[in-house]
Amino acid sequence: MISIVLQNDSPLVWKASDWIKIREEHRIVGSLIGCLVGLPRQDTFQGLPLMLLKEEVTLLLEKNLACVISDSALSQRPDDQSREKYSLYKEENKKEQLQCYEAQRKEQITSLIDRIIEGKRRKRLGLSTKKKKINDQDNSNSEETLSSDFELDRDEILKIELNKSSASLSPPLLVQTFLSEHWTNESEETVKWRFPETSHERLRYSTFKDLWEKGFYITEGHKFGVDYLVYPGDPVKFHAQFLVVCKDYNETFSTVDFISYARLGSISRKTFVIATKPSDSENVVYQSIQWAEKSQ
């Protein structure tokens, strides 16, 4: 069951697994509104939470795919106990990362220990540590000197190199991005969802549901001044195909608005659609508007 948290009248999805599920399996897009860890000032890429349209929430509830809850703890400052718990978790996470790093570094140094010992021997003898072309006689004498005059403790050198690696590693380490709520919260309670209530809200939801059942992806259309943007596939891969405005069946609008709608569709290269629902019908009716060029 997908958990939708209602906070300040905004329905939010906090779990990454829930976000992926409703996107891939149920064609619910929503909009990411959170900042990325470490990059809080950029707005090109957003992160969790995912804010849903009220129509999207109603559809998920109707399909028994989600529940709406409220969490009073989200509107309160964390107490001392919560801060202490987070600090302990942060320290444990740091220790785990250090242990993982040290294990990988030990494996790496162990594989190179013979070359490290050879370099130390050459350095003590005053020989170059770089590889150079020398004649066979000189090479033979050098190798004999290296092997006979100096015997270095392999384990001791390995220990020294590992201590160097640990000393060079300083916090902060990796920053963890939580993909779900880390600690169980007992302040959650189920909320009764009250959308749609008005006749216009019912029209919006009927339109959204009808388009969704036809296999489209739907997002809010505020940036175009419409109710919905409708896509033939995932918005990551496709441009919007339709601009949809919901109008009550007996609602009138001016000639200027009518022309503006036609021009908007023409300029944006999308089909402008008016969605309405007759009082004597259960089906949503669509009327498209296109700008026609003046015939010669």
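## Around helix H6

Just after H6, glycine 215 adopts a positive phi of about 100 degrees. This is a predicted model in which local features need pLDDT of at least 70 and side-chain atom pairs count only at pLDDT 80 or more, while totals for chains, interfaces and linings use all residues. Residues are numbered from 1 along each chain as its sequence is written, and side-chain values use heavy atoms, with hydrogens and water left out.

Let us start with the overall picture. The protein chain holds 7 helices and 11 strands; these are DSSP runs numbered from the N terminus (helices H or I, at least four residues; strands E, at least two). Of its 296 residues, 30% are buried, meaning under 20% relative accessible area with a 1.4 Å probe, protein chains only. Contact means heavy atoms within 4.5 Å, and among contacts between residues at least 6 apart in sequence, 60% join residues at least 24 apart.

Now to H6 itself. Its 15 residues should span 21 Å at 1.5 Å a residue, and its end C-alpha atoms are 21 Å apart, which agrees; the expected span is 1.5 Å times one less than the number of residues. Buried residues in H6 include Leu203, Tyr205, Phe208, Leu211 and Trp212. Their cover includes H2, E8, E9 and E10, along with strand E7 (217–220) and strand E11 (285–289).

The axes of H2 and H6, lines fitted to C-alpha atoms over the stretch in contact, come within 10 Å and cross at roughly 65 degrees. Glu55, Glu56, Thr58, Leu59 and Glu62 in H2 meet Arg204, Tyr205, Phe208, Lys209 and Trp212 in H6. By class, the residues of this contact are 4 nonpolar, 1 polar and 5 charged.

The largest nonpolar core has 29 residues, and Ile4, Ile22, Ile28, Leu52 and Tyr228 touch the most other members. Such a core is a set of buried Ala, Val, Leu, Ile, Met, Phe, Trp, Tyr and Cys residues joined through side-chain atoms within 4.5 Å.

Leaving aside neighbours within four places in sequence, isoleucine 28 is in contact with Ile22, Arg23, Leu52, Glu56, Leu59, Leu60, Phe208 and Trp212. A second, separate core of 13 residues includes Val29, Leu243, Val245 and Phe272.

Terms used. Buried < 20%, exposed > 50% of the residue type's maximum accessible area, 1.4 Å probe, protein only. Axes fitted to C-alpha atoms, helices over the stretch in contact; angles between N-to-C directions. Nonpolar A, V, L, I, M, F, W, Y, C, P; charged D, E, K, R; others polar.
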